[in-house]
Amino acid sequence: SPVSFASKPTYKALSYTWGTSSKTHTIECDGKILPITANLHSALQRFREKKQVCAIWVDAICINQDDTLERNQQVQNMAQVYSSASEVVIWLGDEIETDAEAFAFINLFDKTLKSGPQIDWDDPQSIFELPGWGSTFWKSLAALLRRPWFVRLWVIQEVVMASNARLFCGSQTCTWESISRMVI
């Protein structure tokens with residue numbers, strides 16, 4: 001439904017990739033049927049709330065993509081859209097076989113960093129010697145980081161402007177801070 005920023009709405013903003021340009025799914029939006037991509041459909045299915053209204057700002061829905069003038073004008077509002085959101089939800093796509101291991105690794109690494117000096121930063125090899133950490137973790141993380149979302153230019157603004165951001169990949173999730181500590 002149309003909402004003004006002046007009303008200070010509570011909403012989440014979606015950061016995602018469109019995927020293929022073919023719009024194979026439809027949703028009802030503001031009383032009209034709107035065609036959407038399969039990846040957006042998956043994201044909306046993941047984030048929908050069954051017992052309450054969940055307001056999500058989505059570029060492909062909130063901006064008329066067929067109107068170049070409107071699209072260009074709305075680009076000027078992106079900083080406000082993402083900085084005003086209660087949470088930026090980053091949709092990496094549906095889960096694949098290695099994602100559970102990658103997210104477990106990210107969350108374990110973050111927990112390890114927070115729990116104290118278990119890593120000898122003067123000896124980077126010590127990371128590989130932490131209990132329960134094997135080479136498959138690193139391969140799973142590499143597969144995750146090869147997802148299309150990580151090569152989009154727009155994501156920089158979407159994440160930097162967010163006061164709170166969380167990654168989702170199917171049922172897997174972690175905070176933006178957790179993954180950024182992992183890869184930086």
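## Basis of the model

Because the model is predicted, local features are described only where pLDDT is at least 70 and side-chain atom pairs count only at pLDDT 80 or more, whereas totals for chains, interfaces and linings use all residues. Residues are numbered from 1 along each chain as its sequence is written, and side-chain values use heavy atoms, with hydrogens and water left out.

## The sheet and its helices

Five strands, in the order β4-β1-β5-β6-β7, form an open sheet with mixed pairing. Strands here are DSSP runs of E with at least two residues, and helices are runs of H or I with at least four residues, each numbered from the N terminus; two strands pair if DSSP finds at least two bridges between them. The edges are held by β4 (56–57) and β7 (172–175), each of which has a single partner strand, so one side of each is left without a neighbour in the sheet. Strand β5 (residues 87–91) pairs with strand β6 (residues 165–169) in the parallel sense over four bridges, and V88 stands opposite A165 in β6.

Helix α5 (residues 99–115) lies across β6 and β7 and runs at about 25° to β7, while helix α8 (residues 176–183) lies across β5, β6 and β7 and runs at about 80° to β7. These angles, on a scale from 0 to 180 degrees, are taken between the N-to-C directions of axes fitted to C-alpha atoms, for helices over the stretch in contact, where contact means heavy atoms within 4.5 Å.

A pocket is an open set of points on a 1 Å grid over the protein atoms alone, where a 1.4 Å probe fits and protein lies on both sides within 12 Å along at least five of seven lines, and lining residues have an atom within 4 Å of a point. Grid points are joined across faces, edges and corners, and the volume is the space filled by probe spheres set on the points.

The second largest pocket has about 260 Å³ of space; of its 13 lining residues, D59, Q65, V75, M78 and W154 are the closest to its centre. Helix α3 gives the largest share of this lining, three residues.

## A buried serine

S42 lies in helix α1 and, at 17% relative accessibility, counts as buried (under 20% relative accessible area with a 1.4 Å probe and protein chains only; exposed means over 50%, and partly exposed in between). Leaving aside neighbours within four places in sequence, S42 is in contact with W91 and D94. S42 and W91 are 49 residues apart in sequence and 9.0 Å apart in space, C-alpha to C-alpha.
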